[in-house]
Every structure is written in C-alpha cells, then in structure tokens.
Amino acid sequence: MPSKPSEIAIIGAGYSGTLVAAHLLKESKVPLTVRLFDRDPKQFGRGIAYATPLDCQLLNVPAANMSAFPDDPGHFLRWAKEREAQLLNPPWVVEVGPKSFLPRRAYGDYLAWVLAEAERAAAPGVTLIRRAEKVAKLSPEPNGEIKLVLAGGQVFRVDRAVLALGNFPPGNLPIPDPNFYRSPRYHRNPWLPGVLERILETRSCLLVGSGLTMVDWAVSLGQYGYTGQVHVVSRRGFWPKAHQAADPVGFALDLETGDPSVRAWVRQIRAYVAKTGCDWRAVIDALRPHNQRLWQSLPLAEKRRFMRHARPFWDLHRHRLAPGVAARLEAIAESGQLVRHAGRVQGYRETETGVEVTIRPRGVERAETLEVEAVVNCSGSESNYRRLESALVRNLLDQGLIRPDPLSLGIEVAMDGGLVNAQGVISDRLFTLGPPSKGMLWETTAVPELRVQAQRLAGLLLAG
C-alpha cells in the first residue's frame, strides 16, 4: 500500500513563506501538499511590507536586484517591463529600468504572481492549500507528525512545518504610566487597518522613531493631503539617507589583524574611505555579501557592544531610501510641516484634547512638553520573543520548542534553519528563515538573502 503524500505547513504568507511555497511547488516531483497559513487573506504572497496600495511607498532597492530567484537575477525586471504602462505614475515612477525604485504594491503583485505561476505549473499531485486563519498552537507528535491547532479550533497534521513569521509590530517604550498604551490616541502597530485614516482626521501627530517606517508614514500622509503638524522623535535624531549612484569598490575587511572587534572594523572602513575618497555607500555595499560571515566571526561580547553602540549607525547607512522618497521627505521637512526632535520620550499624558508628550532632548537635562492629537509607534519590529503578543510564539516557548537567542534578536536556529529547542537540540521537523534568524545571521531581512534561504530550505524539505 503506497504511503500518503507528504504534507508541509508554512506559517506566514509574506515574502519568506511565499517563496518557500513557490519553490516546493516548482521543484517537487512526487505528490506533496503544501499548506500555507496566514491570518489575512489579502496578504498571501504579499505580507505586510508589500500589501500597501500606495504608490508613494517605494522599494528601497533598485528593480535589478529584486528578483525572487537567485539563479535568475532579471526575473522581476522582466515581469515589471511587461507591465510598464501600469507602473508608470509620476512623480514616483517615470520609467521601468534596472535602476528604478518601483512601488512596493507592484512587488506584492509580483510575488502573488510568482506563487500562482508555481501552483499552475506544479506536477500532478503537488497541491497548494491556502488557509486564512492564525495557527495558535503547534506540537510534535510521537508518531513523527506535527499537530497544528488553528485559532478557530480546527486541527491539521503535517510532516514538517516552516515558521515564516516575518517581522512583528513595534514594542512599547518603557514609561512610568503604561496605562496610556490603552488609549485610542496611541497606535502601537502602524500597519493595522484604519490607523492611517484616523491620523488623517487629526491636526497634529507624533511619529516615534525616525527609520523607514516613519518615512512611509510621512510620505503617505503627504499623498493624502494631510495638513497637520507632524512631529518625529528619535533618541539620536538620525535622518534616513538616500541611495546614490557610486562606483563599486573592492573593499574587504582584514580579519587577520588579531583584533576581531567592531571598533577595529570601523577604523578600517573610515581609513579606506579617507584614503580612496570613494562614496561610503560603495563600501557598505561591498560588505553586503560578507556580512553574515563577519557577524558570525564576532565574539558574543562584541556583538553586544555592536548592539549598544554601533547598530543605529549601521542601520542608518545600510538601509537607505529611494532617491524620490528621500527628496519628498526633505521637502516636507523644509516646509516646516515636519518637525524633528532628538531625545527620549519620558512619558505620555492623555488630555481632553490630545496627548502631552514629555521629551528629554539629547544633551539637555530639562525635559520639554509637546502636545499632539495622536501618537504612532514607528520604532521598528519587536524582536525579543519573550515580549511578543503572539499565541503561537508563547505556545512554542512554553513547550520549550524554541529559545530566544542571546541578543534577543530572534530565536536560535541551525545553519539549515532547523529550530533549536530549550535543551539545545536541533529539530529536523521544524524550521524557520528570515527575521527570526537575525541573531545568528544578522543580514537576513532583505530580498538578496531571503531568496537564497527560501531556495535552500525548500531543497532541504524536499530531500526529506
């Protein structure tokens, strides 16, 4: 009697989950059922990042580098060129070419198309089943299967499972009175439906954080004609930097100096830029293929030192904006509509008309008070799994099936993506990729890294 076809569950249908599913469908030559779970039916093949309908929210990487397949680097660009007439929307997109920064919603369309094409071309007996519901519990069974329990109570059993969890909403800043976080004037998750519409009704707002999420919000408010005052606060007052054409360089860090420290590496980078006069962007880009190896070569103490002192500077230079978006952001700031604050938020107090925000400016002892009508948390994804408000993550922690990494950047995983449990044992049935692996890989949240991980993991799963 033939054995039943294998079943693989993928929990999360954003970029990572979608690509793993597509590779499984494309490459499996024997009967296989791929179950793809996501709580939002609109996010299959898109995730939060690419589900936006706004053309002003652009990719931060040129089209030539956004292929879903590492062995076909021109795949996305060809897809976009075939749909060029649909994508042209001045001033955001005036042409579709290798150096174009295209709308994120277009990339979401592309990923959904990639998944649909893989499903259409799958071998007989290879099927994809989408399910728009949260997985609340997961547990390995004695017979080797994995039991999944959905939020609605339905149970599935599969042979292997992939946690493609992506990024989680921001965490709340520690303040003396956390009761404020229950106020309708506070929006912890900037991507929840309806949040932007509620902010558009206000006359002033505060965006906490000055990274890429803040940029999305600032330009989106502008596209909708928001006339209120926009305040932005971040600890150091950093401002996002734009991509700029730069000639490639052959820079590489010298790891044979006997000083495996972040400080020594920064000195090497600065010395090279000073000596050659090259654009610093070219140096950061030259490091990109080696970042995972560099990160793994650092002692834990140096990684902690990097997180305390160097991470904001790295993020500022590594994660850059599309030039058009940077120009629009600068215009909003120069108009006076957007006001920047460098300092720490020390507390919030809700009033009848808004929120009084206490900020201690950087380098100043005396605090200042700012009044706005709403607060939006744009501080970036919460990565400490002990703090996540996720039923599935809590379930996995309680069972000891996962353990947070020492830096609280995600969870411990093996090089092949196998989950490491509380006893340090690597699973051969439970896997992950992308942001949960950040503590081990560091560079694991962008397309060039994720597409390689997805392809490798799908091959591993199919090899059994």
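1. Leaving aside neighbours within four places in sequence, Thr-351 of this predicted model is in contact with Arg-185, Glu-356 and Glu-371. Thr-351 belongs to the loop between β11 (338-350) and β12 (355-361).

2. Is Thr-351 to be called buried or exposed? Its relative accessibility is 18%, and because buried means under 20%, Thr-351 counts as buried despite its place in a loop.

3. Strands β4, β5 and β6 form an open sheet of 3 strands in that order, with antiparallel pairing. The edges are taken by β4 (135-140) and β6 (155-158), each of which has a single partner strand, so that one side of each is left without a neighbour in the sheet. Direction ignored, neighbouring strands of this sheet are turned against each other by 20° on average.

4. Within that sheet, β5 (residues 146-150) pairs with β6 in the antiparallel sense over 4 bridges, and the bridge partner of Leu-148 in β6 is Phe-156.

5. Another open sheet has 6 strands, which follow the order β3-β2-β1-β7-β16-β15 with mixed pairing. Its edge strands are β3 (126-131) and β15 (418-420), each pairing on one side only, and neighbouring strands here are turned by 35° against each other on average, again with direction ignored.

6. Which sense of pairing joins β7 and β16? Strand β7 (residues 160-163) and strand β16 (residues 426-432) pair in the parallel sense over 3 bridges, and Ala-161 stands opposite Leu-430 in β16.

Notes. Residues numbered from 1 in each chain as written. Predicted model: local features only at pLDDT ≥ 70, side-chain atom pairs only at ≥ 80, totals over all residues. Heavy atoms only, no water. Helix = DSSP H or I, 4+ residues; strand = E, 2+ residues; numbered from the N terminus. Buried < 20%, exposed > 50% of the residue type's maximum accessible area, 1.4 Å probe, protein only. Contact = heavy atoms within 4.5 Å. Pairing = 2+ DSSP bridges. Axes fitted to C-alpha atoms, helices over the stretch in contact; angles between N-to-C directions.
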